[in-house]
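Subject: Structure handover

Hello,

Here is the structure I said I would pass on. My notes on it follow below.

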Amino acid sequence: MCVAGQQSVTLPITHSHIHTIFKSAGDRLSGMSLLVVSLPLLPAVIMMTIRFCPPLLAVCYRVYAGILKLSHKNVCVTSTHAYVFSNCTHGQAQSVLMTFDLYSTTHPSLNIGPKKGELLDEIVKREAPLRVLELGMHCGYASVRILRLLPPSGKLLTVEINPLTADKGEEIILMAGFKIPQFQVLTCSSAEAISALSSYLGDSRLDLVLMDHDPEQYLTNLLALQRGKLLSSSCVVLINRAVTSGAKHLLEYVRDRPQSYSIGKHIEGLMELQCHTTGDIE
């Protein structure tokens, strides 16, 4: 602010000033406030970074990607849940799915969507699984698709590491008309869930697994399931985002072992794997 009679002085911006500014701002912002403030300022931040310290540009890109990922999940958990809750017919699974699909036509969503959903439906109808494991429940869209097609004695175990997402997803499932004996939500990591599966399955084994969490964990989780002898002899594993770099290790492993695995149908990155082995993993 200029005082009358005094000259304004423009000081040069130094690396120390930039560091101080960013540290001060960072101490004041958290959660969604960081998202709201950061996105509009991003072009200015990038320009300053390019001018004063080019090596920081890569860091800015990584931070930006993290912000987008956070906002994507927050959008799914809050806005999607609110829209579906307010606009669907409670107690009708098909209405819940249609409302999800309508919302996804104009908003970002983590749901597998209707096209992949049709492949999921086809496989559930074909396999008639009694025990299903879903890794990555998100908002409960795929959970509802699976539950509405399970045999009367079937049960879904669905895993979600984020407590808020798990609560919202469970509420969607209940809103769709399903009861607690038909499903169970495990709020933990995929590794923790797999290590505890025996206590939930008893003498049963999994007939269908849907992997829709972190693709980097796909191979590790598949091997853990098989080492634990948790898969039935004809288990089908569906992997979403199969074309991403994170899933390449799983695909390489599968393709190198045609005697143990075969690749079935796939659409838009949702791929069917048929497992012919339950243990003795290399």
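**Cysteines**

C188 has a relative accessibility of 16% and therefore counts as buried, where buried means under 20% relative accessible area, exposed over 50% and partly exposed in between, with a 1.4 Å probe and protein chains only. C235 is also buried, with a relative accessible area of 0%. The structure holds zero disulfides, a disulfide being a pair of cysteine sulfur atoms within 2.5 Å. C235 is in no disulfide, and the nearest cysteine sulfur, that of C275, is 5.5 Å away.

**Basis**

This is a predicted model, in which local features need pLDDT of at least 70 and side-chain atom pairs count only at pLDDT 80 or more, while totals for chains, interfaces and linings use all residues. Residues are numbered from 1 along each chain as its sequence is written, and side-chain values use heavy atoms, with hydrogens and water left out.

**Strands and crossovers**

Helices (H or I, at least four residues) and strands (E, at least two) are DSSP runs, numbered from the N terminus. Two strands pair if DSSP finds at least two bridges between them.

Strand β2 (residues 155–159) is mostly covered, with four of its five residues buried. β2 pairs in the parallel sense with strand β1 (residues 131–135) over five bridges, and there L156 in β2 is the bridge partner of V132. β2 also pairs in the parallel sense with strand β3 (residues 183–186), over four bridges; in that case L186 in β3 is the bridge partner of V159.

β1, helix α6 (residues 141–147) and β2 make a right-handed β-α-β unit, as do β2, helix α7 (residues 163–175) and β3. A crossover is right-handed if, with the strands pointing away from the viewer, the path from the first strand over the helix to the second runs clockwise.

Strands β6 (residues 261–267) and β7 (residues 270–275) run antiparallel and are joined by five bridges. H266 stands opposite M271 in β7. Two residues lie between the strands of this hairpin, where E268 takes a positive phi near 50 degrees.

T99 is found in helix α4 (residues 93–104) and counts as buried at 8% relative accessibility. Leaving aside neighbours within four places in sequence, T99 is in contact (heavy atoms within 4.5 Å) with Y83, V84, N87 and C88.

In helix α10 (residues 218–227), seven of the 10 residues are buried: Y218, L219, N221, L222, L223, L225 and Q226. Just after α10, K229 takes a positive phi of about 55 degrees.

**Nonpolar cores**

A nonpolar core is a set of buried Ala, Val, Leu, Ile, Met, Phe, Trp, Tyr and Cys residues joined through side-chain atoms within 4.5 Å. The largest has 34 residues, of which V144, I146 and F178 touch the most other members. At least two residues of this core come from each of α4, α5 (113–127), α6, α7, β3, β4 (206–211) and β5 (231–239). α6 gives the largest share, five residues. Apart from neighbours within four places in sequence, I146 is in contact with L120, V124, V132, L156 and L210. A second, separate core of 33 residues includes L135, M211, A247 and Y261.

**Salt bridges**

Side chains of opposite charge can pair when their charged atoms come close. A salt bridge here is a side-chain nitrogen of Lys or Arg within 4 Å of a carboxyl oxygen of Asp or Glu, and by this rule the count comes to seven.

D121 forms a salt bridge with R148, with the closest N and O atoms 2.9 Å apart. The pair links distant parts of the chain: D121 is in helix α5 and R148 in the loop between α6 and β2, 27 residues apart. D121 is buried at 7% relative accessible area, whereas R148 is partly exposed at 25%. D121, R145 and R148 are linked in a network of salt bridges.

E122 and K265 meet in a salt bridge at 2.2 Å, N to O. E122 lies in helix α5 and K265 in strand β6, so the pair ties together parts 143 residues apart in sequence. E122 is partly exposed at 34% relative accessibility, and K265 is partly exposed with a relative accessible area of 41%.

R126 forms a salt bridge with E272, the closest N and O atoms being 2.4 Å apart. R126 is in helix α5 and E272 in strand β7, 146 residues apart. R126 counts as partly exposed at 40% relative accessibility, while E272 counts as buried at 1%.

Regards
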